[in-house]
Amino acid sequence: MTKKRRNNSLNIADKNFKKLSIQVSLNGLSFCVADTVSQKLLLSDRVDFAFEKNPMEVKDELHKLFLKHDIENMQFDEVVTVHRNTLFGLVPKSLFNADNLYEYLKFNTKILANDILAYDEVENHDLVIVYVPYVNINNYIYDLFGEFHYMHNGTVLLQSLMNNQTQNQETTCFVHVSKDQLDITVLNQRKLVLYNSFKYDTKEDFAYYLLFVLEQLELDPKTAIVKLFGDIEEDDATFKLCYNYIQHISIFAPSTQQLIKLGEPSSSSIDFTLINTI
């Protein structure tokens, strides 16, 4: 079924508005609009929730955010939605069977009876991410824009990090920091050693999960290379606490972010995964 697009308030010939990227989680929302030809960021915004919301409330918040910027009346060549949650599992592509999605998640993820499962293939790597998308959000976006592409935030993280770390010869722990969630990716050159996500409330929680991963992989905090990026700076209390235990820890600026010409004062706050969907 093909849905008709509503009348657009922008001139259809205006090639500035090309691609809409949206990130959805129970803790917040963000989006950006970019010209994919000039690689220029045109519009962006972000909302962090004081408390975790349910998917229906998140949909209402997304509607409010779109109304604020008149997104619903714009026309895009491409729309991408990124679902950020910890409801996922990794499967080697060589062992993957699309008929067994439930089996891959049932032991480490709480799956509800009405959940619909999805999966992404990590491009150029023998990996598949099986996950639970927010179906009501997908339905809302489809009603607005018709066909669109959606994926898990882990897919974007892994593709971005693994495809751009050919120079690293040592095992490196990359930590993507966002509100209430940290995503840990450990790479040995371009080979994935571990990828996992944890929800946290305090800086002590954050340090515990990071040190726990290092311990499980038998990486010495005195010698392990740990690179943090996202919503964290060196003067943050969380970074200072981790620095007490991990000697070679630093803030990492992924080079792929430089592919976008950030044209707004607020653009530095745009999530890594959003930038890498453009």
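## The largest cavity

The largest cavity of this predicted model has a volume of about 120 Å³. A cavity here is a set of points on a 1 Å grid, over the protein atoms alone, where a 1.4 Å probe fits but cannot get out; lining residues have an atom within 4 Å of a point. The volume is the space filled by probe spheres set on the points, which are joined across faces, edges and corners.

Sixteen residues line this cavity, and the closest to its centre are Gln 23, Ser 30, Arg 46, Asp 48 and Arg 84. Two or more lining residues come from each of β1 (19-25), β2 (28-35) and β3 (40-48). The lining divides into three nonpolar, seven polar and six charged residues. In all, the structure holds two cavities of 30 Å³ or more.

## A sheet of five strands

Next, let us look at an open sheet with mixed pairing, whose five strands run in the order β11-β10-β9-β12-β13. Strands (E, at least two residues) and helices (H or I, at least four) are DSSP runs numbered from the N terminus, and two strands pair if DSSP finds at least two bridges between them. β11 (191-199) and β13 (248-251) stand at the edges with a single partner strand each, so one side of each has no neighbour in the sheet. On average, neighbouring strands are turned by 20° against each other, direction ignored.

Strands β9 (residues 171-178) and β10 (residues 181-188) pair in the antiparallel sense over eight bridges. Ser 178 stands opposite Gln 181 in β10.

## Two helices on the sheet

Helix α4 (residues 153-162) packs on the sheet, touching β9, β10, β11 and β12 (225-230). Contact means heavy atoms within 4.5 Å. The direction of α4 makes about 35° with that of β10; such angles run from 0 to 180 degrees between N-to-C directions, with axes fitted to C-alpha atoms, for helices over the stretch in contact. Helix α5 (residues 203-216) packs there too, touching β9, β10, β11, β12 and β13, and its direction makes about 20° with that of β10.

## Two loop residues

Asn 124 lies in the loop between β6 (118-122) and β7 (127-131). Its phi is near 70°, a positive value in a residue other than glycine. At 67% relative accessibility, Asn 124 is exposed (over 50%, with a 1.4 Å probe and protein chains only).

Asp 180 is found in the loop between β9 and β10, and its phi is also near 70°.

## About the model

Residues are numbered from 1 along each chain as its sequence is written. In this predicted model, local features need pLDDT of at least 70, side-chain atom pairs count only at pLDDT 80 or more, and totals for chains, interfaces and linings use all residues, while side-chain values use heavy atoms, leaving out hydrogens and water.

Key
1 Å grid on protein atoms, 1.4 Å probe; cavity = no way out; pocket = protein on both sides within 12 Å on 5 of 7 lines; lining within 4 Å. Nonpolar A, V, L, I, M, F, W, Y, C, P; charged D, E, K, R; others polar. Buried < 20%, exposed > 50% of the residue type's maximum accessible area, 1.4 Å probe, protein only.
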